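Biologist: Before we go into particulars, could you take me through how packed helices are read in a model such as this one?

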Amino acid sequence: MTPDAAKVALSRQEIELPSWAFGNSGTRFKVFTQPGVPRSPEEKIADAAVVHSYTGVAPSVALHIPWDKVEDYAALAAYAKEQGVRLGAINSNVFQDDDYKLGSVTNPDPAVRRKATDHLLECVDIMDQTGSRDLKLWFSDGTNYPGQDDIQDRQERLAEALREVYDRLGDDQRMLLEYKLFEPAFYTTDVPDWGTSYAHCLELGPKATVCIDTGHHAPGTNIEFIVAFLLRTKKLGAFDFNSRFYADDDLMVGAADPFQLFRIMNEIVRGDALDPDAGIAFMLDQCHNIEEKIPAIIRSVMNVQEATAKALLVDRDTLRAAQQSGDVLGANAALMDAYNTDVRPLLAELRESQGLDPDPIAAYKRSGYFDQISKDRADGQQAGWGA
Ligand code: LRH
Ligand code: MN
Ligand code: MN
């Protein structure tokens with residue numbers, strides 16, 4: 001694709017921000033608090049709108065319930081609109097209640113399963129009020145010891161709960177089923193991998209699709225293969241982008257392995273799935289424990305843009321010709337030429353043509369927003385992961 005055509009595609013790109021990335025978060029050892037952290041869902045949305053105002057490609061914010069619980073979700077959606085963004089996916093939370101010690105929707109106790117499924121249904125009610133399209137499900141369910149519970153029964157219970165929630169979805173609503181290899185369960189996890197998620201989604205129907213969280217795999221997993229497979233079967237619904245050195249590190253996307261991010265975006269471009277009309281949600285799912293949060297999120301958005309720009313610049317004709325003629329080195333070179341292109345000038349030009357500052361982080365730093373929120377939010381309880 002030519003640089004001009006790439007700019008058109010990039011100008012249509014959308015990246016969704018997670019409300020929880022703006023709040024305090026940490027490892028299980030320590031949460032380091034920062035000045036200026038939001039005290040409410042509204043303040044998280046205001047910060048997300050700031051990221052959008054400097055990048056131009058982050059027009060929606062995902063909520064996590066109950067972390068972002070409010071009385072009036074329609075009013076929250078209206079507030080987001082006033083700020084220049086919209087509310088995106090509704091993330092359910094069935095992993096932080098004492099009742100879920102032995103699982104949520106797969107718990108052996110039917111009363112606990114009822115409570116968990118009711119929460120998922122409540123999330124669909126919220127979607128009706130916010131106008132959100134996507135319900136994102138992640139289950140921490142699993143077991144720690146062989147024999148602890150019946151693995152097959154747990155799959156059955158999972159399928160039953162998913163069916164009930166699926167049947168409650170409106171015509172324009174979807175379910176995104178996220179998987180994760182391990183943690184907090186260490187022996188079995190009830191949705192450990194894309195195959196399990198895919199199989200459940202297939203059984204449910206067209207409104208159920210897989211969410212790939214890039215930090216949720218075994219080391220060395222070829223994530224772009226998963227992308228390619230799910231694109232072919234129309235079962236790729238979303239990404240939770242972040243990067244990892246070890247496991248579910250939730251570091252900034254593109255920080256640990258920008259080449260992997262490029263390879264993922266290359267499959268997206270190859271599959272014509274970048275445009276918002278293709279229906280894939282590109283979301284961040286990150287925590288910023290030691291770095292300043294808003295610039296870290298701006299950096300993450302820029303990292304996704306850079307990987308996307310490189311993927312768009314792949315000379316598809318040259319690549320295909322090399323592939324077809326069995327030119328292994330030529331095909332690899334066609335891909336690497338694009339990866340090794342410095343796309344920062346192209347993105348700076350794009351931003352300027354959109355009336356944005358070519359350097360979003362510098363512009364944010366100059367804006368004085370951080371000093372302002374540090375003063376304005378000096379009192380009150382700061383929102384955090386789980387707060
Ligand atoms: C689980 C997960 C899931 C949660 C989020 C906070 O590890 O990736 O997406 O909703 O973290
Ligand atoms: Mn996730
Ligand atoms: Mn995770």
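Modeller: Two packed helices are described by the angle between their axes and the distance between the axes. Here the axes of helix H5 (residues 151-168) and helix H6 (residues 194-204) come within 10 Å and cross at roughly 50°, where axes are lines fitted to C-alpha atoms, for helices over the stretch in contact, and angles run from 0 to 180 degrees between N-to-C directions. Helices (H or I, at least four residues) and strands (E, at least two) are DSSP runs, numbered from the N terminus. This is a predicted model, in which local features need pLDDT of at least 70 and side-chain atom pairs count only at pLDDT 80 or more, while totals for chains, interfaces and linings use all residues. Residues are numbered from 1 along each chain as its sequence is written, and chains are lettered from A and ligands numbered from 1 in the order in which they are written.

Biologist: How are H5 and H6 oriented to each other, parallel or oblique?

Modeller: Angles under 35 degrees count as roughly parallel, over 145 as roughly antiparallel, 65 to 115 as roughly perpendicular and the rest as oblique; H5 and H6 are therefore oblique to each other. Leu158, Ala159, Leu162, Arg163 and Tyr166 of H5 meet His200, Glu203 and Leu204 of H6, contact being counted when C-beta atoms, placed from the backbone, lie within 7 Å.

Biologist: At what angle do H7 and H8 cross?

Modeller: The axes of helix H7 (residues 223-232) and helix H8 (residues 258-270) cross at roughly 15° and come within 9 Å, which makes H7 roughly parallel to H8. Ile223, Glu224, Val227, Ala228 and Leu231 of H7 make this contact with Gln260, Arg263, Ile264, Asn266, Glu267 and Ile268 of H8.

Biologist: Which residues of H8 are buried?

Modeller: A residue is buried if 20 or more other C-beta atoms lie within 10 Å of its own, exposed if 12 or fewer, and partly exposed in between. In H8, the buried residues are Leu261, Phe262, Ile264, Met265, Asn266, Glu267, Ile268 and Val269, and they pack against H7, H9 and helix H11 (328-339). Asp257, in the loop between strand S9 (236-241) and H8, is partly exposed because 16 other C-beta atoms lie within 10 Å.

Biologist: What span should H9 have?

Modeller: The expected span of a helix is 1.5 Å times one less than its number of residues. The 21 residues of helix H9 (residues 293-313) should therefore span 30 Å, and its end C-alpha atoms are 30 Å apart, which agrees. H9 is also mostly covered, with 18 of its 21 residues buried.

Technical notes:
Contact = placed C-beta atoms within 7 Å.
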